[in-house]
Amino acid sequence: MEDHEFERLLKVARLKLTDVEKERIKADIEEVIGYFDSLDQVESGEEPAYHPIRVPARLRKDEVVEFTDIDALKRQAKLHDGYILGPKL
Amino acid sequence: MRSFVNEFLKLEKPKGYYEELVSEISMLNKEYHAFTNINSKMIDCAEGSIPFSSKANICVKGFETTAGSKMLKGYIPPFDATAVERMLGSGSFSFLGETNMDEFGFGTFGLNTETPARNAFGREYVAGGSSSGAAVATALLKYHVALSESTGGSISTPAALNGVVGFTPTYGTISRYGLIDYANSLDKIGVMARSSGDARIAFDIVRGKDRYDTTCSVEKINGNKKTKLFVVKELMEKTEKRVKASFSSLLDKLSSDYEIREISSEILSKSIAPYYIIAMAEASTNLAKYDGYKYGLQYEGYNKRYNDFFTEARSSFGDEAKRRIILGTFIRSESVKAKYYTKALRIRALIIKEMSRILHEGFIISPTIPIPTPKISEAASLTPLENYAIDIFTIPPNIGGFPHITFPYGYMDGMPLGAQVITEQANDYAVLDFVSDWEEEFEYRYKHDVGSL
């Protein structure tokens, strides 16, 4: 894999690696992709199986369900003056 | 039918029984790291309650649920997973604690986490993964069942390495609501126990439709006994010779009740690559939501630029998680999607077709893993690809959503040996019955019996 392609993947996946990690993980990934390439030798004319079973298209009624447990959401968050802190835009 | 749960219900419990149980398992946990947290409130549970544990990726209200990841440190779910809710609602079970695992389920040996669980038969050996703690806890506690989860073998492998029964049901039988996703089209909650009877009791409690999981749609479960046992030649080829010899002696024992036949199926030996492609593609999508402030880990670099905030926060993922995120992102790239992802889905369809045909005629039986239990130092030196190859027997039923069970059938150098039996979708009771019959002939051994009466 070209270095620029590897860097693109890191950017898309929002991952940062040290140079040592980069070298190690890139080598692992190249080996795994090489193995995945063995699929080229397998023929399959089947339709893609997105699930192992047939999942029925069951739809729920479009109803409003009131959510009241606001404290449960706040418990996970860092708060400041009643606002939830997050990264700046 | 052997059932420790039923035995427990009949026995009188001495005063202070649960206090003693919690104290003893807490002490042993310092050596084995089976639990990531133990519910001290268990000592106040209703008299007669049977302890159950749940893997650390199954949400339990009020208990830190980390899925073995630093990214989820401090995450305390405000709700119970459906499976947990049903166990508690049964009135028979009380929650003992959450069990250790590979980070997000990414592992065969239980080593991809901060403090790995140790094998219940020898602490220098791997516990197996990813439901490492569930298997160790089951091997330590006499009266207990473990809710665990399998994506590609995470129930079978650790169950086999710790000498317990590991049951993975048909995909879509048990609700995944409250399960921290690894790969949605592969994840299945299942049960570990010391007998197939106990696994069946828990299975019947937790299974069934759930409005919160539309894929949970398999309601009718059968128990159609098969009289043939198939051994797939291509899967056995890379099995270590001592494991092969022990497995042959198991087949000899079973030959009085079953017709044993070797069959050839090239496609089943090709299942590892499509499995990992599907699993990594789905995992990389699922792990996108861990951003350092919505769940668990609270990254405080609020002065960072918007994208840098997430990139810095996500450096807390372990190596294997990073590898799978990068590989999954690559596989989903528009330029190669058809070559890898769509192709893998087409091969999955082929595997399902082939296995359904074979399993209509009989069970597939194999060792659970192709090598003797490795020491931690040995497993830690394997490359990722060598690790993935260990899953050769557990991936076919998992990629196809077929119910399977692993059970102890012998001991080699003091370590348990496990075999796996697979059946048709929705024929789950048949594999539970198979092991129930086996248990009439064979007594499982354990080094610890915490909570015995």
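This is a predicted model: local features need pLDDT of at least 70, side-chain atom pairs count only at pLDDT 80 or more; totals for chains, interfaces and linings use all residues.
Residues are numbered from 1 along each chain as its sequence is written, and chains are lettered from A and ligands numbered from 1 in the order in which they are written. Local features need pLDDT of at least 70, side-chain atom pairs count only at pLDDT 80 or more, and totals for chains, interfaces and linings use all residues, while side-chain values use heavy atoms, with hydrogens and water left out.

The secondary structure of chain B comprises 16 helices and eleven strands; helices (H or I, at least four residues) and strands (E, at least two) are DSSP runs, numbered from the N terminus. The C-alpha trace of chain B spans about 70 × 60 × 45 Å along its principal axes. For 453 residues, a compact globule would have a radius of gyration near 22 Å, and the 21 Å of chain B agrees with this. The radius of gyration is taken over C-alpha atoms, and the globule rule is 2.2 Å times the number of residues to the power 0.38. Of the 453 residues of chain B, 67% count as buried, where buried means under 20% relative accessible area, exposed over 50%, and partly exposed in between (1.4 Å probe, protein chains only). Contacts are defined by heavy atoms within 4.5 Å. Among contacts in chain B between residues at least 6 apart in sequence, 78% join residues at least 24 apart.

The interface joins 52 residues of chain A to 73 residues of chain B through contacts. Between them the two chains, A and B, bury about 5,600 Å², 64% of it on carbon and sulfur atoms; this buried area is the accessible area (1.4 Å probe) that two parts lose on being put together, summed over both. Eight salt bridges are found across the interface of chain A and chain B, a salt bridge being a side-chain nitrogen of Lys or Arg within 4 Å of a carboxyl oxygen of Asp or Glu. One salt bridge is formed by the side chains of B:Glu312 and A:Lys16, at 2.7 Å from N to O. The interface of chain A and chain B also has 23 residue pairs in polar contact, both residues being at pLDDT 80 or more. A polar contact is a pair of N or O atoms within 3.5 Å; within protein, one must be able to donate a hydrogen and the other to accept it, and residues adjacent in sequence count only if both atoms are side-chain atoms.

On the side of chain A that touches chain B, helix H1 (3–12), helix H2 (19–36) and helix H3 (70–76) of chain A each supply at least two residues. H2(A) gives the most to this side, with ten residues. The residues of the side of chain A that touches chain B divide into 28 nonpolar, five polar and 19 charged. In this division, Ala, Val, Leu, Ile, Met, Phe, Trp, Tyr, Cys and Pro count as nonpolar, Asp, Glu, Lys and Arg as charged, and the others, Gly among them, as polar.

B:Thr329, in helix H11 (residues 319–331) of chain B, is buried, with a relative accessible area of 8%. Not counting residues up to four places away in sequence, B:Thr329 touches A:Leu9, A:Val12, A:Ala13 and B:Ser284. Helix H16 (residues 428–441) of chain B has ten of its 14 residues buried and is therefore largely enclosed by the rest of the structure. The buried residues of H16(B) include B:Tyr429, B:Phe434 and B:Trp438.

Several loop residues of chain B were also examined. B:Thr66 is placed in the loop between strand E2 (50–55) and helix H3 (82–89) of chain B and counts as buried at 10% relative accessibility. Leaving aside neighbours within four places in sequence, B:Thr66 is in contact with B:Ala56, B:Leu72 and B:Lys73. In the loop between strand E3 (93–99) and helix H4 (132–140) of chain B lies B:Ser130; the peptide bond from B:Gly129 to B:Ser130 is cis, with omega near 5°. B:Phe104 lies in the loop between E3 and H4 of chain B, has a positive phi near 55° although it is not a glycine, and counts as buried at 2% relative accessibility. A positive phi of about 55° is also found for B:His33, not a glycine, in the loop between helix H2 (17–32) and strand E1 (35–38) of chain B. B:His33 is partly exposed, with a relative accessible area of 24%.
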